[in-house]
Amino acid sequence: MNKDITTKMLLEYPDVFADIENVCLFGGKAMIKPEDLELCPQEIVYKEADGHIREHRGDIRMRLKEKGMELAILHIENQSGISNVMPLRDMGYIYSDYQNQLRALKEENRKAGRHYVLQEIGDDQKLSPVIMLVLYYGTEKWTGPTRLVDMLDIPEEERALWEMVVEDHKIHLIELSKQSDAEVDQYTSDLWYIVKCLKCGNDKEKYKRFLAEGAHRKMQHPEAVINMLTAFAGKENAKKMADQIIWDKKKEGGDCTMYTFLDYFEEIGLEKGIEKGIEKGMEKGREE
């Protein structure tokens, strides 16, 4: 499996998706509950004003509901590399989401026998907010543009003037590997494992702390976590080994933790199995 597919598999779990939104938008406060999320089709098909049919495919879109009422559309785009057109792409995704809502309202009006021409929808009909996050999984600092004006050919000496009249668009970029330890510790879902690995890089001391912190932390979706780590490590041949470890653990009726996958980590080269449990120091941990 490639990085894009495995990342989507993990983020489509409502608890993981809600966790990302809560940490990145609300400072860790549980404002969004997993049970209030509904997965939307990732492919949006809509009709433009000129009658042409358009299609737009995103990564993960969730509908946020409360008591059956739609509150917002939450959209996450995954980036493993740096894009130099991300503000424009971001605008396109948001536009597609709003167009999709408009199409649904117009279809609802048609079925109900409500006819609008120039107005297209009723004055009392409103669209739900679209909130977009761009998650960047790279370990290098993002150097691409984060605002639309950064993509425009504007003379530097006239930039201040042009920025007063050009409608800008800023992406909500989250550089996961650059998040602070305090931010990462706010994650309650399995995304914690992914961000921790990204932050460790090649630092063995950080891997030691990662092992200690994850020793007794239960994985909710071990298959998705390991699939993602496998894809990021580029070790597809180790996938069967991970599947067998998870299967054996399920038969035992136990929980998967960091200790469960030490042999697997060594196989894919994740700092040689996090130094094989920091040179057998994990033997005691296994007994525990």
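The largest nonpolar core of the predicted model has 48 residues. Leu10, Leu11, Ile20, Tyr187, Leu191 and Ile194 have the most contacts inside this core. A nonpolar core is a set of buried Ala, Val, Leu, Ile, Met, Phe, Trp, Tyr and Cys residues joined through side-chain atoms within 4.5 Å. Buried means under 20% relative accessible area, exposed over 50%, and partly exposed in between (1.4 Å probe, protein chains only). Helix H6 (residues 191-200) supplies the largest share of the core, 8 residues. Another core, of 12 residues, lies apart from it; Cys40, Tyr93, Val130 and Ile171 are among its members.

Residues are numbered from 1 along each chain as its sequence is written, and side-chain values use heavy atoms, with hydrogens and water left out. Because this is a predicted model, local features need pLDDT of at least 70 and side-chain atom pairs count only at pLDDT 80 or more, while totals for chains, interfaces and linings use all residues.

The secondary structure comes to 12 helices and 7 strands. Helices (H or I, at least four residues) and strands (E, at least two) are DSSP runs, numbered from the N terminus. Of the 288 residues of the protein, 45% count as buried. Residues 24 or more positions apart account for 61% of the contacts with a separation of 6 or more. Contact here means heavy atoms within 4.5 Å.

Confidence was examined through pLDDT, the predictor's confidence in each residue, from 0 to 100. The protein averages a pLDDT of 83, and 82% of the residues score at least 70. Over residues 276-282 pLDDT stays under 50. For that stretch the model has 10 contacts beyond four places in sequence. Where pLDDT is low, the predicted coordinates should not be read in detail.

Helix H6 is largely enclosed by the rest of the structure, because 10 of its 10 residues are buried. The buried residues of H6 include Lys196 and Lys199, as well as Cys197 and Cys200. Glycine 201 follows H6 and has a positive phi, near 55°. Cysteine 24 is itself buried, at 14% relative accessibility. Cysteine 256 is buried too, with a relative accessible area of 5%. The disulfide count comes to 0, a disulfide being a pair of cysteine sulfur atoms within 2.5 Å.

A search of the whole structure finds 2 aromatic pairs. The rings of tyrosine 136 and tryptophan 142 have centres 5.1 Å apart and planes at 80°, so this pair is edge-to-face. Tyrosine 136 is buried at 3% relative accessibility, and tryptophan 142 is buried at 6%. The rings of tryptophan 192 and tyrosine 193 also have centres 5.1 Å apart and planes at 80°, so they too pair edge-to-face. Tryptophan 192 is buried, with a relative accessible area of 2%. Tyrosine 193 is buried at 1%. Rings of Phe, Tyr and Trp (its six-membered ring) pair if their centres lie within 6.5 Å; planes under 30 degrees apart count as stacked, over 60 as edge-to-face and the rest as tilted.

Serine 177 lies in the loop between strand E7 (173-175) and helix H5 (181-184). Serine 177 is buried, with a relative accessible area of 10%. Its side chain reaches the backbone oxygen of glycine 138 at 3.1 Å. This is a polar contact, defined as a pair of N or O atoms within 3.5 Å; within protein, one must be able to donate a hydrogen and the other to accept it, and residues adjacent in sequence count only if both atoms are side-chain atoms. Beyond four places in sequence, serine 177 is in contact with Gly138, Thr139, Leu198 and Lys199.

Methionine 91 is placed in helix H3 (residues 86-112). At 32% relative accessibility, methionine 91 is partly exposed. Leaving aside neighbours within four places in sequence, methionine 91 contacts Leu148 and His169. Methionine 91 and isoleucine 171 are 80 residues apart in sequence, yet 8.5 Å apart in space, C-alpha to C-alpha.

Glutamate 120 sits in the loop between H3 and strand E6 (130-136). Its phi is near 70°, a positive value in a residue other than glycine. Glutamate 120 is partly exposed, with a relative accessible area of 35%.
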